[in-house]
Structure formats: structure tokens, C-alpha cells
Amino acid sequence: PISIHIDNSAKGNLAPVLNVVGRVGKGTQRLLFDGHMDVVPVVGEWSVRDVVAHLAMWCARAVTWLFQAERGAPLQIPRASQPDWADVNAQDLATQRGRPLERILADFHGAHEQLLKRLQSWPDEAALFDARRFSALRGESLADYVLACSADHDAEHRAQIEQWLEHSNRP
């Protein structure tokens, strides 16, 4: 899987975060095509539609964490070990299956737009990169969490979809 990380020289600087989130989100959006959204399997047992819904859910979580942090509220971070993430993702998938494609795409685009807006208006860049600022993050910065659930996550699944596209017989 592709992983995008901010190098140490960029720590504490919001501009590279905005660039990475915007660039990866747009790259993922370019892969979306109606004719193959429901083909299974693309990623595991998920269709492209399922992956897009999954990415929208995690990006929306990142937006929520930024909103909570900005207001001084406790961050509602799912506490799970690796096997438990499958349960979280399965629950998310169950809530998304059967939703109209237009709503899923709107959620995907809307979550990414909101994430960029929230980051652009973030009032305290130092807090975003301070690994000690939010105890719920257990020694990681909010920027690391946001990137993991947005740009890194999008890039990971985008690479999987691209690999599927290379090996599929799509016109």
C-alpha cells in the first residue's frame, strides 16, 4: 500500500498537509466511474462503491476530530486493535450498502471539501502537529491521525483500485 507521510522538515507547517490531502483526494476522485462502481471484488470483497463509501466515512471522522479539537471537546477516536477495525469497517459498510450512488459520491466529495476547509481555517497549527496535545491520540499528532484517515487511506485504496483496473477487462 502507498503511504504518504509528511517529512520532518514539514512538521508544524500546514501547507504540505493541505497539498497532500487535496492532491490525493482529487486523484481518488478521478478514478470514480459509474459503469464499474458495483463490480465485486475490487478490494477484498468490496466494490468501488463500497470503497468510496468507506473512504467517505473515514474522512468524515477526520473532519469530526478536527471539529472536536477546535472546540476543546474530547476526541471520539475509535479504540480498536487491527482485528477490530474489520468490525468497525463492516458496521460502516452495512450502513452504506443500498444507499444511492449519488449520495455516496456526494458524501465522498463533501467530506474531502470539508476536511480541506477545516484545515485551511485551523486556528492553531502548533496544536495540530503537537503529539502531546491530545491524550486520546496516544502520542501521535492530530495531523498524523487526519492524514492516516484521509490522504494515506485514500492513497492506499486508490492504489488497490488502480491495480484492479490494470487487471480488469474494462473498456
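Residues are numbered from 1 along each chain as its sequence is written, and because the model is predicted, local features need pLDDT of at least 70 and side-chain atom pairs count only at pLDDT 80 or more, while totals for chains, interfaces and linings use all residues. Side-chain values use heavy atoms, with hydrogens and water left out.

The chain holds seven helices and zero strands, where helices (H or I, at least four residues) and strands (E, at least two) are DSSP runs numbered from the N terminus. Read along the sequence, the pattern is α-α-α-α-α-α-α. Of the 171 residues, 47% count as buried; buried means under 20% relative accessible area, exposed over 50%, and partly exposed in between, with a 1.4 Å probe and protein chains only. The chain exposes about 9000 Å², of which carbon and sulfur atoms supply 50%; these areas come from the Shrake-Rupley method with a 1.4 Å probe, and for residues only the protein chains shown count as cover. Among contacts with a separation of 6 or more, 76% are between residues 24 or more positions apart, a contact being heavy atoms within 4.5 Å.

The interior can be described through its nonpolar cores. A nonpolar core is a set of buried Ala, Val, Leu, Ile, Met, Phe, Trp, Tyr and Cys residues joined through side-chain atoms within 4.5 Å. The largest one has 23 residues, and Trp-65, Leu-66, Leu-115, Leu-128 and Leu-142 touch the most other members. At least two residues of this core come from each of H2, helix H4 (101-120), helix H5 (125-129) and H6. H2 gives the largest share of this core, seven residues. Apart from it lies another core of 18 residues, including Met-37, Leu-55, Leu-101 and Ile-161.

Helix H2 (residues 48-70) also pairs with helix H7 (residues 151-167): their axes come within 10 Å and cross at roughly 170°. Axes here are lines fitted to C-alpha atoms, for helices over the stretch in contact, and angles run from 0 to 180 degrees between N-to-C directions. The crossing makes H2 roughly antiparallel to H7; angles under 35 degrees count as roughly parallel, over 145 as roughly antiparallel, 65 to 115 as roughly perpendicular and the rest as oblique. On the H2 side, the contact is made by Val-48, Val-51, His-54, Leu-55 and Trp-58, and on the H7 side by His-153, Asp-154, His-157, Ile-161 and Trp-164. By class, the contact of H2 with H7 has six nonpolar, three polar and one charged residues. In this scheme Ala, Val, Leu, Ile, Met, Phe, Trp, Tyr, Cys and Pro count as nonpolar, Asp, Glu, Lys and Arg as charged, and the others, Gly among them, as polar.

Two histidines of this contact deserve a look. His-54, in helix H2, counts as buried because its relative accessibility is 6%. Not counting residues up to four places away in sequence, His-54 touches Trp-46, Asn-89, His-153 and His-157. His-153 sits in helix H7 and, at 11% relative accessibility, also counts as buried. Leaving aside neighbours within four places in sequence, the contacts of His-153 are His-54, Leu-55, Trp-58, Leu-147 and Ala-148.

Leu-147 and Ala-148 lead on to helix H6, where Val-146, Leu-147, Ala-148 and Cys-149 meet Ala-151, Asp-152 and His-153 of H7. This contact has five nonpolar, one polar and one charged residues. The axes of H6 and H7 come within 3 Å and cross at roughly 25°, and the two helices are therefore roughly parallel to each other. Helix H6 (residues 142-149) has six of its eight residues buried, so it is largely enclosed by the rest of the structure. The buried residues of H6 are Leu-142, Ala-143, Tyr-145, Val-146, Leu-147 and Cys-149.

Arg-49 is placed in helix H2 and counts as buried at 16% relative accessibility. Arg-49 touches Met-37, Asp-38, Arg-99, Pro-100, Leu-101 and Ile-104, not counting residues up to four places away in sequence. Although Arg-49 and Arg-99 are 50 residues apart along the chain, 9.8 Å separates their C-alpha atoms. Arg-138, by contrast, lies in the loop between H5 and H6 and counts as exposed at 62% relative accessibility. Most residues other than glycine have a negative phi. Arg-138 is not a glycine, yet has a positive phi of about 50°.
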